[in-house]
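The sequence and the structure are shown first, and the description follows.

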Amino acid sequence: MNTLLGVDTTGSYKPVRCYIGLGANIGNSRDTIAEALKRLNELPNLTVNTVAPLYRTAPIGYTEQNYFINTVAEVSTTLTPRQLLTALQQIENDLGRVRVMRWGPRTVDLDILLYGEQTILEPELQVPHPRMTQRAFVMVPLADLNPGLDIDGQKAQLLAQRLVEEQEIYAEQ
């Protein structure tokens, strides 16, 4: 099999391991996250491999809003990064996401954190997610899934430990 950038040049795509961040703070956030994960797993050419525990986290940026429920899912997919982004945005829209304010309240938020080892710098898609190493709500559940994951020369677990000391994050029961 010849591969180039994760593509089997014989005609089929090689699955890529990706990490998707999920968050919500409007309505029943737990149910919304569960429904988003269900819909994610129903996408063609995508399998949800594992999901980190849920965390309750303080908002960042605009702080006059409810706490968030967050998690991270590890998925395998043959969707391209752009196809995956489009699918995530469709799930958000279907679940009532309205984009009003940056870092504002939301029914659901789905972000591509990592797409294999690729770096993508497009106006509407940046991977690795540009602020993931600054957010406990991303790094703690990501470290739950893969503590030894290397991100910019640092292990996910060490990044998470540092952020827990700086930001409010609580395991959900």
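## Packing of helices H3 and H4

In this predicted model, helix H3 passes helix H4 in a left-handed crossing. H3 spans residues 136–145 and H4 spans residues 156–164; the two pack with their axes 8 Å apart, at an angle of about 135°.

From H3 come Ala 136, Met 139, Val 140 and Ala 143. Their counterparts in H4 are Ala 156, Gln 157, Leu 159, Ala 160, Leu 163 and Val 164.

## Arg 106 in its loop

Another site of interest is the loop that runs between helix H2 (81–94) and strand S7 (109–115), where Arg 106 lies. The relative accessible area of Arg 106 is 10%, so this residue is buried, the cut-off being under 20%.

The side chain of Arg 106 is joined to that of Asp 109 by a polar contact of 3.0 Å.

## The protein as a whole

The protein contains four helices and 12 strands. It has 173 residues, of which 44% count as buried. Its accessible surface comes to about 9,400 Å², and carbon and sulfur atoms account for 49% of that area.

Contacts can also be described by separation along the sequence. Among those between residues at least 6 apart, 66% join residues at least 24 apart.

Conventions: Residues numbered from 1 in each chain as written. Predicted model: local features only at pLDDT ≥ 70, side-chain atom pairs only at ≥ 80, totals over all residues. Heavy atoms only, no water. Buried < 20%, exposed > 50% of the residue type's maximum accessible area, 1.4 Å probe, protein only. Polar contact = N/O pair within 3.5 Å; in protein donor to acceptor, adjacent residues only side chain to side chain. Contact = heavy atoms within 4.5 Å. Areas by Shrake-Rupley, 256 points an atom, 1.4 Å probe, with all protein chains shown as cover. Axes fitted to C-alpha atoms, helices over the stretch in contact; angles between N-to-C directions. Left-handed = near helix turned anticlockwise from the far one by under 90°.
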